[in-house]
Amino acid sequence: IYAREVSKPTVVTVDSSLADDVTKSVDEYRRKDIFDFRPFNATRVEFTRASGAALPFEKVKGEAKDGTEPEDTWRRLGPNPTDAAKETMDALLSRLSNMRAESFVEATANTGLNRPELTVVVKFGEGKEERVSFGRVDSNVFAGRQDDPDAARVNATDYSEAFQSLLELSK
């Protein structure tokens, strides 16, 4: 593939991947990760369902015993405060943090985000916080980030599995 800068007569060869990049749509360059946090750096997660019921969880630092590595645990703060099942919480955080956009739609589209089914607020790292709302229309699930005016369509199965883990933790 050959290219030439308009202001110069010189013609150069370029790698075909550069030409491929130029022809991609804008959506190919958008951030596709729904969440920025990772399970290891999350410190607090709050889930709010459409009914308005909030379910907050907070990471509790473990203490070293007999020279062993301390193990952090997750605690459900309310209602009925209790320790969260480690495997279920790990699965939930992993599913959320790995969720990616399959496509994007304009914010004015019918996404269900005007009445979210679930809103997730995650605190992580050094004082970072992100809020993502999820809406469902028919068999499609959409995610809306607080810093993106458009909505992302996500895999409905991934969302359903994460929601199922949340239901297990709310018992």
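Guide: Strands (E, at least two residues) and helices (H or I, at least four residues) are DSSP runs, numbered from the N terminus. This is a predicted model: local features need pLDDT of at least 70, side-chain atom pairs count only at pLDDT 80 or more, and totals for chains, interfaces and linings use all residues. Residues are numbered from 1 along each chain as its sequence is written, and side-chain values use heavy atoms, without hydrogens and water.

Visitor: Which residues make up the covered face of E5, and which the uncovered one?

Guide: Trp74 and Arg76 form the covered face of E5, whereas Thr73 and Arg75 form the uncovered one. In a regular strand the side chains alternate between the two faces of the sheet.

Visitor: What makes E5 and E6 a pair?

Guide: Two strands pair if DSSP finds at least two bridges between them. E5 and E6 have two bridges, in the antiparallel sense, and arginine 75 stands opposite aspartate 83 in E6. These two strands form a hairpin with five residues between them, where asparagine 80 in the turn has a positive phi of about 50°.

Visitor: How do E4 and E5 pair?

Guide: E4 and E5 pair in the antiparallel sense over four bridges, and lysine 59 stands opposite tryptophan 74 in E5. E4 (residues 54–60) also pairs with E3 (residues 42–49), over five antiparallel bridges.

Visitor: Why does serine 97 count as buried?

Guide: Serine 97 has 2% relative accessibility and therefore counts as buried, the term for values under 20% relative accessible area (1.4 Å probe, protein chains only). Serine 97 belongs to helix H2 (residues 86–97). Beyond its neighbours within four places in sequence, serine 97 is in contact (heavy atoms within 4.5 Å) with Phe35, Phe37, Arg38 and Pro39.

Definitions and conventions:
Buried < 20%, exposed > 50% of the residue type's maximum accessible area, 1.4 Å probe, protein only.
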